[in-house]
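Reader: I have a model open and some questions about how it is put together. Can we go through it piece by piece?

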Amino acid sequence: MPHEVLRQAKQEFLDWDGSGFSMLETPFTGDAFKKVLHQARDDLRELLNIPDNYRILFMHGGASAQFSLVPLNLLGSARSVDHIDTGYWSSKSLREARRYCKVHVAASSADSQYDHMPENWKLSPESAYCHFTSNETANGVQFHQIPETGGVPLVVDMTSDFLSRPLDVSRYGLIYASAQKNVGPAGVTVVIVRDDLLGKAHPATPTVFNYAAQAEADSMLQTPVTFSVYLAGLVFRWLRQQGGIATMEQNSLRRSSSLYQVIDDSNGFYCCPIQHGHRSHMNICFSTTNDTLAPVFLSEATSEGLMYLKGHPVMGGMRASLYNAMPDTGVMALIEFMRSFAEAHRYDI
Ligand SMILES: Cc1ncc(COP(=O)(O)O)c(C=O)c1O
């Protein structure tokens, strides 16, 4: 979370907007919360230039719930969906979709240990939509271009790169993202869905997870995660003050390229398993060529105040996540540490 946002939340924690109440105790049915939710939604629309024929929903359940809710809501009379298999999260989403329909894997990079994003998608004409994951948080691989799909609705799990770069929303049928990377605190999930995809939900879909019903009820069919929506709204405001999404893209390009440079210039001391041109600008996965140095790296980094660098359990090694709130100073501190660690252990590889 950006410090400015945390400071503002602290300042108004006991007295939101002169109301004498905390946003934590404000009922969702009252005008105060509705104002907060509508402002958050309008700011997000403005930030991403979201066309009028798309609804913005604030839902419960995280991106993992969307793995089920997407097929439940969008399958309609179709029996199959396309999925692109690119790593840990896309594999999870396609396994979950298999509980509801036939899943046709239209492209996969599993054969090369998910070291790139496949460009050649073989879509099935019977499928209701094509699902992909724009950034694989655990593997550190990201789509930098999306193939043309010729009118097939594209559904994207954008959890870990949402709001980090400009986006042509009109290319997608549905976009979803859990909040806990670039939006705000855990708890709220943003869903952006095109109008014509609403109204096809399977009759067994729980009403609170029915996109059309939530769109109709302004995301307030049940009690929304009010405090998370409020904090997300503060983040959207902060993003606008920073110069919007274009600034976030410049930041992430600058920060990620300087980190990859240290890895590539380390004479084999560090390595990144992801092919150039496919590397994530959000999650930089790397390891020490000598595996035994990884725990030493992590423990020395922690003593220097460089926290949470351990890689995802499926990947091992290290991972530096450069979400929007990460300041340049944090990246510079990591770079300095990586250089001096390599220097100190030069003869251990
Ligand atoms: C790309 C991606 N998809 C889905 C998820 C799961 O999100 P949640 O824990 O909110 O269900 C994550 C979590 O890190 C993720 O990075």
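Reader: Where is the place of Tyr-114?
Author: Tyr-114 sits in the loop between S3 and S4. Helices (H or I, at least four residues) and strands (E, at least two) are DSSP runs, numbered from the N terminus. This is a predicted model, in which local features need pLDDT of at least 70, side-chain atom pairs count only at pLDDT 80 or more, and totals for chains, interfaces and linings use all residues. Residues are numbered from 1 along each chain as its sequence is written.

Reader: Is Tyr-114 buried or exposed?
Author: Tyr-114 counts as buried because it has 26 C-beta neighbours inside 10 Å. The cut-offs are these: a residue is buried if 20 or more other C-beta atoms lie within 10 Å of its own, exposed if 12 or fewer, and partly exposed in between, with C-beta atoms placed from the backbone.

Reader: And what is phi of Tyr-114?
Author: Near 55°, a positive value in a residue other than glycine. Most residues other than glycine have a negative phi. Asp-218 also has a positive phi, near 60°.

Reader: Where does Asp-218 lie?
Author: Asp-218 is in the loop between helix H5 (211-216) and H6. Asp-218 is partly exposed, because 15 other C-beta atoms lie within 10 Å.

Reader: Back to S4. What does Tyr-129 touch?
Author: Tyr-129 is found in strand S4, residues 127-133. Not counting residues up to four places away in sequence, Tyr-129 touches Leu-74, Val-81, Val-152, Pro-153, Val-155 and Gly-173. A contact here means that two C-beta atoms, placed from the backbone, lie within 7 Å. The C-alpha atoms of Tyr-129 and Val-155 are separated by 6.8 Å, though the two residues are 26 apart along the chain. Tyr-129 is buried, since it has 24 other C-beta atoms within 10 Å.

Reader: Which residues of helix H4 are buried?
Author: H4 covers residues 88-97, and Trp-89, Ser-90, Ser-91, Ser-93, Leu-94 and Ala-97 are buried. What they pack against includes helix H3 (62-74), strand S2 (80-85), strand S3 (102-108) and S4.

Reader: At what angle do H3 and H4 pack?
Author: About 45°, with their axes 8 Å apart. That makes H3 oblique to H4. Axes are lines fitted to C-alpha atoms, for helices over the stretch in contact, and angles run from 0 to 180 degrees between N-to-C directions. Angles under 35 degrees count as roughly parallel, over 145 as roughly antiparallel, 65 to 115 as roughly perpendicular and the rest as oblique.

Reader: Which residues make that contact of H3 and H4?
Author: Phe-67, Ser-68 and Pro-71 from H3, with Lys-92, Ser-93, Glu-96 and Ala-97 from H4. By class they divide into three nonpolar, two polar and two charged. For the classes, Ala, Val, Leu, Ile, Met, Phe, Trp, Tyr, Cys and Pro count as nonpolar, Asp, Glu, Lys and Arg as charged, and the others, Gly among them, as polar.

Reader: What about H2 and H6, at what angle do they pack?
Author: H2 and H6 pack at about 40°, with their axes 9 Å apart. H2 is therefore oblique to H6. The residues of this contact divide into 11 nonpolar, three polar and three charged.

Reader: And how do H1 and H6 cross?
Author: The axes of helix H1 (residues 3-11) and helix H6 (residues 226-241) cross at roughly 130° and come within 10 Å. H1 and H6 are therefore oblique to each other.

Reader: Changing topic. How is the protein chain divided into domains?
Author: Into domain 1 (3-241) and domain 2 (245-348), with bounds that come from an automatic or database domain assignment. Their contact takes 24 residues from domain 1 and 23 residues from domain 2. Helix H2 (31-48) and strand S6 (141-142) each supply at least two residues of the side of domain 1 that touches domain 2. That side has nine nonpolar, 11 polar and four charged residues.

Reader: How far apart are the C-alpha centres of domain 1 and domain 2?
Author: 28 Å.

Reader: Last one. Where does Met-318 lie, and in which strand?
Author: In strand S12, residues 318-321. Met-318 counts as buried because it has 22 C-beta neighbours inside 10 Å. Its contacts include Phe-286, Ala-294, Phe-297 and Leu-309. The C-alpha atoms of Met-318 and Phe-286 are separated by 5.3 Å, with the two residues 32 apart along the chain.
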